[in-house]
Amino acid sequence: MMDLKLVPSFSLIALNAQRSLQMTTVKKVSLRCMAAAVILELYLEGCFTQSENKLTLHKEALDQSHSTLYRETVLQSLLHNSAEVKGDLNWWLKKASRKSNHHLKKFETAISDYLQAMNLLEDIPSLIGSDMYFDSAEVEIRAYRSNMEAYTSITENMRAEILEEGPVTDEVICMLWLLRESGCMHDFFSLNELEQVNIKLHDLYQSNLWAKALFPIQIRQGVELGIKRFLALKTKFAKTFIGSSLNLIFPALERSRAVFIETESWFDNSNQRLDAVITRLMSYGHEVKVLERGSIATLKIDNLLYDAIPHFVMMKVPIQGVRLIPKRPL
């Protein structure tokens, strides 16, 4: 994993492809988990003093020489004017994650500014804004794009540590918990791999004290009732208590939309049609790499994989283009 702390590492995963201008439900779930990651980051750095099962944080943690704005944004509302605050891990994580929209926006600004200053995050036109209907209506939708090298490094190292034999670091245990709570597991693991992850979660819970303390805690709350009902149907792979909700798919709902990119000309050759679409996407600022050509091509657009399916829509005249469908694991 890159030499980044837990919050920046997880934020690069959680914010990637999220809309930057709107507070969507999906982004809200991510931000709540990112705020909880601040507590875990402090814990990993030994900023808490521990007595029995209580964790005490002293106000010195906000010292400018040791802190950052994204930490302060989360901690100020927890500490208020107190010299110290005490609670168990469950209390700290839930307190940090249960913020108002106003606080979440402030936190988002703090962490996105931090990452952009390090050239690890960009604000670009959203892919869905390139869809014919949004584009023709001149609706601007913007989204975050994580630095592609950093994103790949973080996700591949995390996957290797989880799926291969060997010890798992406390930081990756935190990442596992954060992915589970944000419902992003399926973005990085295939259905077969989710079975392995489920077993890994269970084994870690049985053998690792940090995992035993962290995994039973759940911070999910407040999501619309309709989405909750949807979640209840998505627990097929949650075969253990600790793996509960492993396969929740709700944060991906907005990422799963198919995007239709039209071409300006009619092509009989599918490769020419695909090339025209790629040229259009790159003109909008997207980084596009063709991983596989064929009747259904596979494209890597920014950090995500898509199937590119030739398609046309009927308006007054038929309009030719390509339908982009998110491909998982991303």
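Reader: Which residues in α3 meet residues in α5?

Author: In this predicted model, L69, Y70, T73, V74 and S77 of α3 are in contact with H103, K106, F107, A110, I111 and Y114 of α5. By class, that contact comprises seven nonpolar, three polar and one charged residues.

Reader: At what angle do the two helices pack, and how far apart are their axes?

Author: Helix α3 (residues 69-79) and helix α5 (residues 101-117) pack at about 160 degrees, and their axes are 8 Å apart. Angles over 145 degrees count as roughly antiparallel, and α3 and α5 are therefore roughly antiparallel to each other.

Reader: Is the crossing of α3 and α5 left-handed or right-handed?

Author: The crossing of α3 and α5 is left-handed.

Reader: What about α2 and α3: what is the angle there?

Author: Helix α2 (residues 25-44) packs on α3 at an angle of about 95 degrees, with the axes 10 Å apart. This makes α2 roughly perpendicular to α3.

Reader: Which residues make that contact?

Author: From α2 the contact uses A35, V38, I39, E41 and L42, and from α3 it uses Y70, R71, V74, L75 and L78. The residues of this contact of α2 with α3 divide into eight nonpolar, no polar and two charged.

Reader: Changing topic to the largest nonpolar core: which residues touch the most other members?

Author: They are L40, L93, W177, L179, L214, F215 and L324, in a core of 86 residues. Helix α2 supplies the largest share of this core, with ten residues. In soluble globular proteins, nonpolar side chains tend to be buried together.

Reader: And the chain overall: how many helices and strands, and what percentage of residues count as buried?

Author: The protein chain has 13 helices and ten strands. Of its 330 residues, 49% count as buried. Among contacts between residues at least 6 apart in sequence, 68% join residues at least 24 apart.

Reader: Now the backbone. What is phi at A17, and where does A17 lie?

Author: A17 has a positive phi of about 70 degrees, although it is not a glycine. A17 belongs to the loop between α1 (6-15) and α2. With a relative accessible area of 31%, A17 is partly exposed.

Reader: And N119: what is its phi, and is N119 buried or exposed?

Author: N119, also a residue other than glycine, has a positive phi near 60 degrees. N119 sits in the loop between α5 and β4 (121-125). Exposed means over 50% relative accessible area, so N119, at 61% relative accessibility, counts as exposed.

Conventions. Residues numbered from 1 in each chain as written. Predicted model: local features only at pLDDT ≥ 70, side-chain atom pairs only at ≥ 80, totals over all residues. Heavy atoms only, no water. Axes fitted to C-alpha atoms, helices over the stretch in contact; angles between N-to-C directions. Helix = DSSP H or I, 4+ residues; strand = E, 2+ residues; numbered from the N terminus. Parallel < 35°, antiparallel > 145°, perpendicular 65-115°, else oblique. Left-handed = near helix turned anticlockwise from the far one by under 90°. Contact = heavy atoms within 4.5 Å. Nonpolar A, V, L, I, M, F, W, Y, C, P; charged D, E, K, R; others polar. Core = buried A, V, L, I, M, F, W, Y, C linked by side-chain atoms within 4.5 Å. Buried < 20%, exposed > 50% of the residue type's maximum accessible area, 1.4 Å probe, protein only.
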